[in-house]
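Here is my note for you. Please keep the model open while you read.

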Amino acid sequence: MTKEDKMVSNPPINETPDKTIEQTGESLVLEAENAIEPVREIPIHKLDMKRLIELDACTRCGECLSWCPVYDQDAKEDLIPRRKIMDFLRIARSQNGFLAGIMKSDKVGDTLKGVIAKVCGYKEITKEQVEEFVSNLYECSTCGQCEIVCPAHIDTVNLWEELRRLIVMAGYGPLEPQKALRKSVMTFDNPWQQPRAGRTKWSRRAKKDKLIAQEPREIKKTKGKVLLFFGCTASYDANVKQVAINTINILEALNIDYGVLGKDEKCCGSVLLRMGDPEHKRLFRENIDQFNSLGIDTLISSCSGCFKTIMQDYPKVGKLNFEVLHTVEFLARLLKTGELTFPHPVNKDVTYHDPCHLGRATGGFDAPRMIMEAIPGLNLIEMPRNREYSRCCGAGGGLKAGFPDIQGRMAQRRVKEAEETGATELVSCCPFCYQGLQVGISVSESHIVMKDLSAYVAQSLLGYDVFEKAAKEAEEKKQAKAKKKLEKEAAEAKKKLEKEAEKKRPEENISEAPIQEDGQASSNDKELAGTDK
Ligand code: SF4
Ligand code: SF4
């Protein structure tokens with residue numbers, strides 16, 4: 001744009017305005033659009049004392065910077081914990097306290113406000129600055145790595161979730177792309193925008209495909225003592241349903257008194273909690289009431305996200321009358337008591353990815369390793385970043401919905417680390433990690449195969465991989481069908497030829513020369529013989 005162009009599109013402010021235009025409704029609209037939108041109040045008073053102390057505890061040492069997996073892929077200084085804390089405090093100071101009170105008062109004149117602002121270094125926060133902070137707050141997978149390395153022991157995951165709660169209350173969150181998750185949970189009780197009735201579709205299909213012998217037992221009928229909570233990802237994602245299938249086969253093989261909720265299962269509400277939506281409490285209460293009414297001793301889940309939420313976050317809302325375990329922990333206990341043994345080898349070189357919600361969040365590092373070590377033939381090769389330093393795949397905390405590009409890069413980074421171990425398979429025990437890492441495998445066209453730990457347990461117990469067996473049987477069936485079709489076609493072709501041959505025969509008979517009784521050729525033959533000469 002030339003200087004002249006700019007002048008045309010932006011007339012100089014000292015130019016006399018056209019009075020007739022100024023008085024029209026159009027000018028009023030323009031004025032309203034140009035007016036500075038006031039910043040909505042962030043209800044900092046809703047933070048409890050622990051969080052306020054934590055905000056003050058950050059020493060700005062920067063240790064978290066070198067560990068944050070999001071910063072690793074999007075090196076923006078504003079993303080790191082110390083900066084987020086500083087930015088939040090700046091917003092809070094601009095809206096609260098003695099100085100903010102003076103600056104917001106109608107009784108104090110603008111000149112005095114200007115002097116106070118200059119002397120005290122007070123700065124008004126703009127809506128754009130708040131929105132930028134909000135975006136940075138959501139560009140985080142709540143993986144908890146910063147919490148592990150923080151010398152001030154700041155409980156960052158809960159702090160980020162609490163700050164997101166305030167942001168949602170003020171009407172600034174969640175981010176636009178994350179709103180679909182919320183709407184889906186509220187409408188369908190799952191974040192995948194799938195109808196409620198579709199929750200048990202996978203099991204009917206799995207039985208038909210001979211992946212499970214029978215559909216999962218319904219706990220409301222069997223009154224079993226162990227509730228298996230599948231979670232939304234394993235129930236609805238076609239690629240991840242194998243986690244549910246393998247878990248069912250394990251529990252059936254071990255003759256566990258388990259049961260499932262079937263169509264009555266609802267989202268655990270984790271996605272709402274992580275994004276700061278207060279609606280999570282309603283979902284938590286509904287689930288707690290339903291779980292408690294079953295009279296169960298234990299709730300198990302093969303999803304690390306559901307497990308962490310039910311085990312750690314539900315008790316903040318209501319009392320649980322049962323124990324909550326991740327399936328691998330449940331199996332590790334059976335392994336210790338000798339009720340679980342692994343009869344068949346699984347000869348593979350694998351590397352293990354600790355899900356953030358099972359590992360860092362709840363300390364579940366040993367159970368999966370104990371199981372892998374007990375399976376004959378399974379060779380575990382650790383990645384350099386493992387256990388509490390496991391590099392997040394980016395699938396949690398609403399990051400995948402809000403920043404899919406960053407999640408994809410985080411997953412690729414983790415897949416690269418897995419490849420460097422020389423393992424042929426990458427294993428985890430969380431449908432979310434499975435889904436997240438699969439993105440990295442596909443984008444980087446990696447040779448490594450994604451697995452859930454339940455696959456190895458089921459294979460060792462049954463002596464075969466149900467999916468490979470079903471695929472082999474389906475292939476054999478297909479080939480047998482193709483062979484039958486070919487045989488049928490051949491038979492039909494033969495029949496057709498025979499029919500044609502039969503039709504031809506009388507004509508041939510007519511054209512054949514009649515053989516005379518004395519053995520001499522007919523006069524016709526003689527004529528033909530003469531022609532040959
Ligand atoms: S929780 Fe994880 S992603 Fe979020 S700031 Fe901390 S290290 Fe980074
Ligand atoms: S490691 Fe902890 S104390 Fe240091 S900058 Fe990060 S959040 Fe602050």
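This is a predicted model: local features need pLDDT of at least 70, side-chain atom pairs count only at pLDDT 80 or more; totals for chains, interfaces and linings use all residues.

1. Ligand 1. Start with its neighbours. The shell around ligand 1 holds 14 residues, and C68, C140, C143, Q145 and C146 come nearest. Three helices, α5 (69-73), α10 and α11 (156-169), each supply at least two residues of this shell. Now sort the shell by class. Nine residues are nonpolar and five are polar.

2. Ligand 2. Move on to the other shell. Ligand 2 is surrounded by 14 residues. The closest are C58, C61, C64, R82 and C150. Two or more residues of the shell come from each of α6 (81-95) and α10 (145-149). By class, ligand 2 has nine nonpolar, two polar and three charged residues around it.

3. Helix α10 gives at least two residues to the shell of ligand 1, and it gives two or more to the shell of ligand 2.

4. Helix α6 and its partner. How do α6 and α9 cross? The partner helix, α9, spans residues 127-138. The two axes come within 10 Å and cross at roughly 145 degrees. The crossing is left-handed. From α6, the contact uses K84, D87, F88 and I91. From α9, it uses V130, F133, N136 and L137. By class, this contact has five nonpolar, one polar and two charged residues.

Terms used. Residues are numbered from 1 along each chain as its sequence is written. Chains are lettered from A and ligands numbered from 1 in the order in which they are written. A residue is near a molecule or strand if its C-beta atom, placed from the backbone, lies within 6 Å of it. Helices (H or I, at least four residues) and strands (E, at least two) are DSSP runs, numbered from the N terminus. Ala, Val, Leu, Ile, Met, Phe, Trp, Tyr, Cys and Pro count as nonpolar, Asp, Glu, Lys and Arg as charged, and the others, Gly among them, as polar. Axes are lines fitted to C-alpha atoms, for helices over the stretch in contact, and angles run from 0 to 180 degrees between N-to-C directions. A crossing is left-handed if the near helix is turned anticlockwise from the far one by less than a right angle, and right-handed if clockwise. Two residues are in contact if their C-beta atoms, placed from the backbone, lie within 7 Å.
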